[in-house]
Amino acid sequence: MNTAEELSGKARTLSELKPLTDKGYAQGFVTDIEQEFAPKGLSEDTVRFISAKKNEPEWLLQWRLKAYRHWLTMTEPDWGKLNHPPIDYQDAYYYAAPKKKLKSLDEVDPQLLETYKKLGIPISEQETLAGVEPRIAVDAVFDSVSVATTFKKKLEDIGVIFCAISEAVQKYPELVQQYLGSVVPIYDNYFATLNCAVFTDGSFVYIPKGVRCPMELSTYFRINAENTGQFERTLIIADEGSHVSYLEGCTAPKRDENQLHAAVVELVALDNAQIKYSTVQNWYPGDENGKGGIYNFVTKRGACRGDHSKISWTQVETGSAITWKYPSCILQGDHSVGEFYSVAMTNHYQQADTGTKMIHIGKNTKSTIVSKGISAGKGQNTYRGLVKIMPKAEGARNHTQCDSLLIGDLCGAHTIPYIESRNRTARLEHEATTSKISEDQLFYCRQRGLSSEDAVGLIVNGFCKEVLNELPMEFAVEAQKLLSISLEGSVG
Amino acid sequence: MQSIPTYLSQRIAGGVLPADLPGQQHAWLVQKREAALLRFLNNGLPTAQDEDWRYTHLRAIEKETFHLADQSTPTQTIEHMTQDFCGSAVFVDGILSKTLSKLDNLPAGLSVSCVREKLKGQQADDFFPAMIGADSWHDLNTALFDDGAVIDVAAGAVIEKPLEVICLSTKQNNATAYHAKNSIHLGENASLKIYKSKISNASHVIFSTHMNHITLQKGAKLQRIVLSKHADTTFTFVHDDVLIHEGAVFEKTAINLGGKIIRQKTTMNLAGENAYAGMNILTHTAQDGTTDALVDMRHNAPHTQSKQLIRSLAGGKARAVFQGKITVAQIAQKTDAAQNHQGMLLSDTAEIDAKPTLEIYADDVKCSHGNTCGALDETALFYLRSRGIPKEEAERLLQQAFIAELFEPFEESLRDSLMQRITDIIEKGAA
């Protein structure tokens with residue numbers, strides 16, 4: 001086939017792909033609900049306001065202030081392959097909460113219930129069918145507060161704590177004080193330090209010794225109010241021999257402005273404990289001209305403190321105008337295992353700079369990294385990862401695989417892997433490929449009666465399969481749908 | 001800011017260029033040198049905060065006192081990479097030695113001269129184009145270069161036999177410093193092989209910068225082999241900047257053995273369709289030095305191809321670094337780029353750092369990179385030993401097999417002699 005034919009064939013396929021684009025961002029609605037805000041802007045007063053609203057103990061306020069004062073001396077990191085206008089930290093609300101206080105789940109504002117219903121999130125326990133074991137417990141975070149946590153009672157019976165972090169501060173202060181900031185230190189980085197100062201809510205999970213959490217725990221984050229940033233903080237502790245699977249989802253209304261989301265997630269796994277953390281990130285990505293969208297600057301880190309512990313991160317990143325996120329594992333315990341499975345998709349003007357860090361400290365530690373980047377439209381997608389082997393990590397093992405798929409010729413796919421090895425018995429492997437969807441693949445699918453959009457969807461899903469397989473079933477289905485929706489308008 | 005060696009602070013004291021530099025009569029050159037010196041003084045030497053210098057720390061350089069090279073007679077014997085060469089250019093402490101070089105009977109179309117020669121007289125053109133990724137070392141070199149090779153191949157000239165370039169260092173008690181600027185230009189459809197060896201004795205303390213400007217016109221072909229045996233007290237900063245036009249083929253094999261701080265940077269601009277760049281690098285460092293190979297491959301035209309093969313071995317307390325980057329511009333459709341780095345740690349205190357980066361802005365491309373790091377394969381070792389091969393011998397064989405891939409494209413005699421020399425140097429520390 002000569003180039004001209006090839007090009008016209010390509011143009012044809014691209015134009016046929018267009019109809020794929022009309023599904024839109026279904027979560028882009030706004031809920032009209034009475035809310036109260038902190039005064040606009042960021043100052044020590046804002047920090048004190050948030051702390052007072054949450055009725056926090058003095059040590060936490062001091063911790064926040066310490067973070068805030070240090071944050072003032074820091075500069076925003078600029079090493080990511082990201083372009084955005086400077087963020088005005090004073091032009092945002094750092095606290096927004098629905099006005100009505102609730103005493104029980106039954107009192108949840110019907111409008112909120114409606115919102116979550118529209119999003120397909122079950123925040124009412126009654127919704128589960130009689131006689132069927134519930135599979136998911138949900139903590140719903142709306143702007144700056146947790147509005148509902150389901151199946152709390154049922155979980156408490158077996159000793160599992162699953163509640164809003166603000167509630168944990170009141171009820172289990174010693175646990176929070178012991179672990180908060182122990183994985184992501186207070187001065188870790190610009191956005192994490194900012195989060196320490198102004199974090200509002202998020203989930204707290206504690207799984208006691210030897211308990212296998214009987215249902216998936218899930219937090220659903222929703223940014224609703226205008227001009228607000230969301231700064232949530234999640235802390236999960238898996239005590240010896242315990243096991244937990246945690247899911248996280250997020251959406252926001254369509255707005256022309258860029259909203260900041262700077263979260264911190266800390267995981268601690270003790271001896272023989274396992275934590276599986278799955279994310280489907282679907283923040284509003286901005287429109288096809290790159291207007292609006294969430295700036296997602298997130299610090300996620302897990303510490304495998306105990307021997308034979310395991311932390312597994314799975315993420316599907318389809319939303320956000322900017323994603324800056326590196327879920328990492330510190331493999332301290334001997335024989336501990338870290339995993340990172342990621343699909344990142346950028347379309348239109350979206351930019352993603354995401355990856356992981358695997359720090360091998362203990363003996364025979366093992367890590368696996370599988371990253372799939374899909375760039376379409378004018379999207380820029382970067383995998384940035386570090387595998388570091390410390391001198392005592394005898395027999396450490398890492399395998400990294402990064403694949404990029406390019407759709408259209410205006411996008412970019414970048415891979416920046418760092419390998420640092422200081423132990424000769426350690427073995428590290430990294431491989432990366434970059435490709436596009438070939439005409440042959442498309443032709444084959446269409447010949448079998450698939451429409452162009454189904455064919456692209458099928459190929460993209462196949463490309464991501466290794467990662468999607470890692471997701472809990474309910475999420476995998478959602479993620480597959482999301483991927484095809486996010487591809488919309490990527491061609492032509 | 002990283003402080004500069006004392007020799008340098010004396011040589012450029014007060015921001016004034018030394019009077020002994022060649023080409024003082026050319027206003028353009030003085031201007032160029034002064035501007036470069038100003039930039040160098042403003043920017044200083046790179047620090048660990050610079051992304052490209054994350055792994056190579058320059059502190060060790062502060063401790064050494066260097067002196068200007070005195071170009072006395074070298075005590076080393078010249079070892080040839082091949083006996084069958086068309087000419088031989090010998091540089092002593094960075095200055096071309098007329099007595100040691102053999103440049104009288106060069107084949108037609110090949111001209112070999114030196115920078116000092118070119119700058120003699122009242123008329124001289126600027127024969128150094130701007131470099132991609134020029135850094136502080138480039139500025140320092142531009143300000144202070146004393147000599148270098150100027151190699152030119154006329155259009156259509158195909159030089160069969162290789163040209164030999166040998167860099168020697170004089171044996172003296174004082175540490176020497178020199179700055180060389182080389183230029184290689186191949187006209188359309190010209191072809192040349194350059195075998196370069198840079199050998200220093202164990203007692204040599206050397207600080208040198210080498211800026212190599214290389215241009216390949218349409219359809220030209222250059223094969224370049226650089227074998228460097230550095231003393232454990234050598235600080236060398238090399239930058240090859242290669243411009244590769246349509247259909248031209250550039251192949252480089254760089255062998256870096258030993259050294260205190262060795263930085264070898266190669267920037268390649270594949271500027272025309274069907275241009276090809278091949279890059280093979282062997283790093284072996286086993287004392288307490290750092291060897292840092294940086295490859296910046298830029299595909300700026302469609303149908304261009306590049307291939308990189310890098311093997312790093314680090315023993316003792318040494319550190320081997322590889323930083324590779326492939327950039328594919330939006331216009332460079334149908335690019336085929338491959339990069340493969342393998343590291344081998346030989347001791348418990350050595351370190352290998354690798355950063356193979358891909359930056360891709362075109363969709364119809366084939367790009368891949370692989371990167372591994374580990375020790376000798378225990379299973380393979382066991383297999384050999386179970387066949388009655390002693391442990392040391394088995395280790396040696398496996399190490400040889402690890403690096404042999406780099407030399408596979410070469411003809412047998414060259415491959416064997418290179419492997420033999422490398423093995424000798426690694427095992428006996430012989431030059």
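How many bridges join strand S13 (residues 261-270) of chain B to S15(B)?

What we have here is a predicted model, in which local features need pLDDT of at least 70 and side-chain atom pairs count only at pLDDT 80 or more, while totals for chains, interfaces and linings use all residues. Residues are numbered from 1 along each chain as its sequence is written, and chains are lettered from A and ligands numbered from 1 in the order in which they are written.

Back to the question. The count is ten bridges, and the two strands run parallel. Two strands pair if DSSP finds at least two bridges between them; the strands themselves are DSSP runs (E, at least two residues), helices are runs of H or I of at least four residues, and both are numbered from the N terminus. In S15(B), B:Val295 is the bridge partner of B:Thr266. S15(B) also pairs in the parallel sense with strand S17 (residues 319-328) of chain B, over ten bridges. There, B:Thr291 has B:Ala320 in S17(B) as its bridge partner.

Is S15(B) enclosed or open? Ten of the ten residues of this strand, residues 290-299, are buried, so S15(B) is largely enclosed by the rest of the structure. Buried means that 20 or more other C-beta atoms lie within 10 Å of a residue's own; 12 or fewer makes it exposed, anything in between partly exposed, and the C-beta atoms are placed from the backbone. In a regular strand the side chains alternate between the two faces of the sheet. In S15(B), B:Thr290, B:Asp292, B:Leu294, B:Asp296 and B:Arg298 point one way. B:Thr291, B:Ala293, B:Val295, B:Met297 and B:His299 point the other way, and both sets are buried.

Let's step back to chain B as a whole. Chain B has eight helices and 20 strands. Its radius of gyration is 21 Å, close to the 22 Å that the globule rule gives for 431 residues, so chain B is as compact as a globular protein of that length. That radius is taken over C-alpha atoms, and the rule is 2.2 Å times the number of residues to the power 0.38. Along the principal axes, the C-alpha atoms of chain B fill a box of roughly 70 × 50 × 45 Å. Buried residues account for 49% of the 431 in chain B.

Chain B is divided into domain 1 (6-376) and domain 2 (377-431), with bounds that come from an automatic or database domain assignment. Their C-alpha centres lie 27 Å apart. Where they touch, domain 1 of chain B gives 17 residues and domain 2 of chain B gives 15; a contact here means C-beta atoms, placed from the backbone, within 7 Å. On the domain 1 side, the elements giving two or more residues are strands S12 (249-258), S14 (276-285) and S16 (305-314) of chain B.

Now for the partner. Chain A has twelve helices and 24 strands, and 55% of its 492 residues are buried.

Where do the chains meet? In total, 29 residues of chain B are in contact with 27 residues of chain A. Strands S18 (336-345), S19 (351-360) and S20 (366-374) of chain B each give two or more residues to that side. The largest share, ten residues, comes from S19(B). S19(B) also pairs with strand S23 (residues 412-421) of chain A in the antiparallel sense, over six bridges. Within that pairing, A:Glu420 stands opposite B:Asp353.

Next, the inside. The largest nonpolar core has 245 residues, and A:Val205, A:Ala238, A:Leu267, A:Ile275 and B:Ile244 touch the most other members. Both domain 1 and domain 2 of chain B give residues to this core, so it lies between them. By a nonpolar core I mean a set of buried Ala, Val, Leu, Ile, Met, Phe, Trp, Tyr and Cys residues joined through C-beta atoms within 7 Å. Leaving aside neighbours within four places in sequence, A:Ala238 has contacts including A:Ile207, A:Val268 and A:Ile275.

A:Ser320 has a phi near 70°, a positive value in a residue other than glycine. A:Ser320 sits in the loop between strands S14 (310-317) and S15 (322-325) of chain A, and is buried, with 31 other C-beta atoms within 10 Å. B:Asp93, also not a glycine, has a positive phi of about 50°. B:Asp93 lies in the loop between strands S2 (87-92) and S3 (95-96) of chain B, and is buried with 25 other C-beta atoms within 10 Å.

Terms used
Two residues are in contact if their C-beta atoms, placed from the backbone, lie within 7 Å.
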